[in-house]
Amino acid sequence: MSSTAEIQTGVAEILEEVAGVAPADVSPEKSFTDDLDVDSLSMVEIATAVEDKFGVAIPDDELGNIKTVGDAISYIEKNQG
Amino acid sequence: MSTSTADVVVTGLGATTPLGGDVASTWEALLAGRSGVSRITEDWVKDFPAQLVARLAVDPAEQIDRVRARRLDRSQQVAVIAAEEAWRDAAGANAGVDPERIAVVFGTGIGGALTLLGQDDVLEQKGPKRVSPHTIPMLMPNGPAAAVGLAVGARAGVHAPVSACASGAEAVRWGLDLLRFDRADMVLVGGTEACVHPLPMAGFAAMRAMSTRNDEPSRASRPFDKGRDGFVLAEGAAALVLERADAAKARGAKVYARLAGAGATADGYDLVAPHPEGAGGARAMAAAIKDAGLTAADIGHVNAHATSTPMGDTAEATAIRRTIGDHPLVTATKSQTGHLLGAAGALESVFTILALRDQIVPATANLDDPDDHAAVQELDIVRTEPRRASFSAALNDSFGFGGHNLALVFTTV
């Protein structure tokens, strides 16, 4: 089990790798598309990377509900383990 | 030369090649006689009959942002690098041209083969859910044109001719037509290729099309030489900015040359074998010269397609001699660059233009013992070292599997 802070750091690492987002710009209230400029294909890549890193499954209908970094962190916290 | 609205000129050049990461370094290396060919050292090559390749002199990773690069196939990365150099060279961004009047025509022979094959490995090893969502835009053959179009904000149209090793030249011709038909005011044209991978290598080798002179990499590509035994696969891209002469003049653009004419034909003979006398190539050359309003006597220099295959080179020599004559100074720059497939016609257009500008014809490397074929014997093929000469018109040949023949005529302005 990762802590909330560890999850946020892990998500930030993925965002940097996939989309070139600076880790300092990543915080729970940020929207992936509106604030961090992540396009839909990159969002799919990010979901795959999250699945690999945190051992969670993100079905397509759940991915649509993940709008912000905070949404992703909550989803991972609820489903990891 | 008279100037009319139909006159089309070249105002920007770009390239990344086995000889250099830009036009200037590539041209310098070409004139210096350097070879871009090396022997592959990876394990996979040990059972391959042909083990030579001409890789990029500068890794695209040094020239393009990492995040941008990971969404582009290598063929698209090099297309963007060459196109952006040409666009900067032409000061395209400051030309004041409406994006809806800017077009892109960028060809490739093979397309995103590295992505296709790499993602097939992912599919086999990790399953369908791990295949990248960028797979399709990275492998589609219009991907390089689309990536270049986005890079320069082109909205008049983005086109991707695919005609094997004639694709780059075909793109130049389409650009000429777009300007003549007033469908755009500025066209960024070019060709790209990056498919150094075991599968294309094995496929070309199975056709017996590649040189197996593995122990002498720099001597393997030897167009017109008696000892030639096939081409050397190369990677890279080249780009040109075209616009109408009056518009270029009005904005005070630097003008390299005039793209005076183009000719395109199909062999209608065989899917891959060249016509033994280069009949289709000859018709393309004649059409290009006529289109330029010139006669064969005006053509002072020919940049030959000449890939170093036994059949192709003699067929082309026959076509050049019959169509143009014995007088032009002929060169085969693939002797140093290797064969860039879909980028070849664009890169050799760049070389033809620089030859006109500098009034110098690069040498054909490795032409130690010209073929006994009469046409090869009688052509004036520049060898040993570049030759200075005075000429105002030059022709660039490109031919592709499928029987595609392109000829482009450039003139001084």
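Analyst: What follows is a reading of this predicted model, taken feature by feature.

User: Let us begin with chain A; how do helix 1 and helix 4 of chain A lie relative to each other?

Analyst: One looks first at the distance between the axes and then at the angle. The axes of helix 1 (residues 4-19) of chain A and helix 4 (residues 69-79) of chain A come within 10 Å and cross at roughly 125°. The two helices are therefore oblique to each other, and helix 1 of chain A passes helix 4 of chain A in a right-handed crossing.

User: What does helix 2 of chain A look like, and which of its residues are buried?

Analyst: Length is read by setting the end-to-end span beside the expected one. Helix 2 (residues 40-54) of chain A has 15 residues and reaches 21 Å from its first C-alpha to its last, close to the 21 Å expected at 1.5 Å a residue. Its buried residues are A:Ser42, A:Glu45, A:Ile46, A:Ala47, A:Val50 and A:Phe54, and they pack against helix 1, helix 3 (60-63) and helix 4 of chain A. After the helix comes A:Gly55, which has a positive phi near 65°.

User: In chain B, how do helix 3 and helix 6 pack?

Analyst: Helix 3 (residues 74-89) of chain B and helix 6 (residues 143-152) of chain B have axes 9 Å apart and pack at an angle of about 40°. That makes helix 3 of chain B oblique to helix 6 of chain B, which it passes in a right-handed crossing. On the helix 3 side the contact holds B:Ser75, B:Gln76, B:Ala79, B:Val80, B:Ala83, B:Glu84 and B:Trp87, which meet B:Gly143, B:Pro144, B:Ala147, B:Val148, B:Ala151 and B:Val152 on the helix 6 side. By class, there are 9 nonpolar, 3 polar and 1 charged residues in this contact.

User: Why is helix 6 of chain B called largely enclosed?

Analyst: Here one counts buried residues against the length of the helix. In helix 6 of chain B, 7 of the 10 residues are buried, so it is largely enclosed by the rest of the structure. The buried residues are B:Gly143, B:Pro144, B:Ala145, B:Ala147, B:Val148, B:Gly149 and B:Val152, and what covers them includes helix 3, strand 4 (102-108), helix 5 (135-139), strand 5 (157-159) and strand 6 of chain B. The helix is followed by B:Gly153, whose phi is positive, near 70°.

User: Is B:Thr314 buried or exposed, and which residues does it touch?

Analyst: Burial is read from a neighbour count. B:Thr314, which lies in helix 12 (residues 310-323) of chain B, has 23 C-beta neighbours inside 10 Å and therefore counts as buried. Residues up to four places away in sequence aside, B:Thr314 touches B:Asp371, B:His373, B:Ala375 and B:Val376.

User: How does B:Phe391 read by the count of C-beta neighbours?

Analyst: B:Phe391 sits in the loop between strand 13 (387-388) and strand 14 (393-400) of chain B, and with 18 C-beta neighbours inside 10 Å it counts as partly exposed. Beyond its neighbours within four places in sequence, B:Phe391 is in contact with B:Gly300 and B:His301. The C-alpha atoms of B:Phe391 and B:Leu356 are separated by 7.0 Å, while the two residues are 35 residues apart along the chain.

User: Where does B:Asp182 lie, and what is its phi?

Analyst: B:Asp182, a residue other than glycine, has a positive phi near 60°; B:Asp182 lies in the loop between helix 7 (167-180) and strand 6 (186-193) of chain B, and with 11 C-beta neighbours inside 10 Å it counts as exposed. B:Arg208 is not a glycine either, and has a positive phi of about 60°. B:Arg208 is found in the loop between helix 8 (198-206) and helix 9 (217-220) of chain B, and is partly exposed, with 13 other C-beta atoms within 10 Å.

Note on methods
Residues are numbered from 1 along each chain as its sequence is written. Chains are lettered from A and ligands numbered from 1 in the order in which they are written. This is a predicted model: local features need pLDDT of at least 70, side-chain atom pairs count only at pLDDT 80 or more; totals for chains, interfaces and linings use all residues. Axes are lines fitted to C-alpha atoms, for helices over the stretch in contact, and angles run from 0 to 180 degrees between N-to-C directions. Helices (H or I, at least four residues) and strands (E, at least two) are DSSP runs, numbered from the N terminus. Angles under 35 degrees count as roughly parallel, over 145 as roughly antiparallel, 65 to 115 as roughly perpendicular and the rest as oblique. A crossing is left-handed if the near helix is turned anticlockwise from the far one by less than a right angle, and right-handed if clockwise. The expected span of a helix is 1.5 Å times one less than its number of residues. A residue is buried if 20 or more other C-beta atoms lie within 10 Å of its own, exposed if 12 or fewer, and partly exposed in between; C-beta atoms are placed from the backbone. Two residues are in contact if their C-beta atoms, placed from the backbone, lie within 7 Å. Ala, Val, Leu, Ile, Met, Phe, Trp, Tyr, Cys and Pro count as nonpolar, Asp, Glu, Lys and Arg as charged, and the others, Gly among them, as polar.
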